[in-house]
Amino acid sequence: MPQPPHKPAQRHGASGPPDSAATTAPQPPSNIGSKLLVLVGVLMLAALLYAGATSGARPSVALPPPETDVKAPSPSATATAVFAGGCFWGVQAVFQHTQGVLNAVSGYAGGSKETASYPMVSSGKTGHAEAVAITYDPQVVSYGQLLQIFFSVAHDPTEIDRQGPDYGPQYRSAIFYSTPDEHGVAQQYIAQLDATQLLARKIATTLAPLDAFYPAEDEHQDYATRNPHSIYIATYDRPKIAQLEALLPERFRDTPVLVAGQAPR
């Protein structure tokens, strides 16, 4: 009786010589793809940490408050400040943990409405900076006190077109002022801080009038709160919140004020 064209492979433990097909069949490939992914992940993490370590440390002590400040409006009025200091995830998180802040929205400032989207801003060619619009109660926290937090812990104001591992003009340090008083206070404060020589380099923060602010996409709102264990947030942004509590405890609030749950923007 002729043999079937495809003889089943010999089972483990059966008698007789092993089937030739079984001995020549290709072995299952090793898990090379997974190992490569792990290696790439380790290298990316190392690069991220190295970039942060070499990017210029943020101030380790609280900077003095401004010698001049914006006069508070009537008790019932609120005000809004717009700051840019690198990735808006961390800047937003710092001010969400600040007493007197009613809302802090991640967005874009410095460019046109047509280019105010994350993919376009990330090109670095739109003129926009990743910014945060901070609505606050001037009876609780002043514009000058917000500036103190901005320069002390929210970012490194001596960096030019970068923060930590992030490069490009969209990550520049900038203050977008709405009134002559805001412009004057910010300008004098920068001169005051440079005169103290408490920072390793001169402040690189630019001042520009606020033409418009465009809120970022929903996925970028409350990002640090929603993703506390991501490598980026744990490395670069959670330490800022801890630093705010340690250096300016009178300005710190433990529970952040979030964009989620507020009135539609």
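A crossing of two helices is left-handed if the near helix is turned anticlockwise from the far one by less than a right angle, and right-handed if clockwise. This is a predicted model, where local features need pLDDT of at least 70, side-chain atom pairs count only at pLDDT 80 or more, and totals for chains, interfaces and linings use all residues. Residues are numbered from 1 along each chain as its sequence is written, and side-chain values use heavy atoms, with hydrogens and water left out.

**View 1. Helix 5 crosses helix 6 in a right-handed sense.**
Helices here are DSSP runs (H or I, at least four residues), numbered from the N terminus. The axes of helix 5 and helix 6 lie 11 Å apart, at an angle of about 45 degrees. Axes are lines fitted to C-alpha atoms over the stretch in contact, and angles run from 0 to 180 degrees between N-to-C directions. Helix 5 is therefore oblique to helix 6. Angles under 35 degrees count as roughly parallel, over 145 as roughly antiparallel, 65 to 115 as roughly perpendicular and the rest as oblique. Helix 5 contributes Tyr-143, Leu-147, Gln-148 and Phe-151 to the contact (heavy atoms within 4.5 Å). Helix 6 brings Glu-182, Val-185, Ala-186, Tyr-189, Ile-190 and Leu-193. The contact residues divide into 8 nonpolar, 1 polar and 1 charged. Ala, Val, Leu, Ile, Met, Phe, Trp, Tyr, Cys and Pro count as nonpolar, Asp, Glu, Lys and Arg as charged, and the others, Gly among them, as polar.

**View 2. Phe-151 and Tyr-189 form an edge-to-face pair.**
Their ring centres are 5.5 Å apart and their planes stand at 75 degrees. Rings of Phe, Tyr and Trp (its six-membered ring) pair if their centres lie within 6.5 Å; planes under 30 degrees apart count as stacked, over 60 as edge-to-face and the rest as tilted. Phe-151 sits in helix 5 (residues 143-154) and Tyr-189 in helix 6 (residues 180-196), 38 residues apart.

**View 3. Phe-150 pairs with Phe-151.**
This pair is edge-to-face, with 5.2 Å centre to centre and 65 degrees between the planes. One aromatic cluster holds Phe-83, Phe-95, Tyr-143, Phe-150, Phe-151 and Tyr-189.

**View 4. Helix 3 meets helix 8 in a right-handed crossing.**
The axes of helix 3 (residues 88-96) and helix 8 (residues 231-247) come within 9 Å and cross at roughly 25 degrees. The two helices are therefore roughly parallel.
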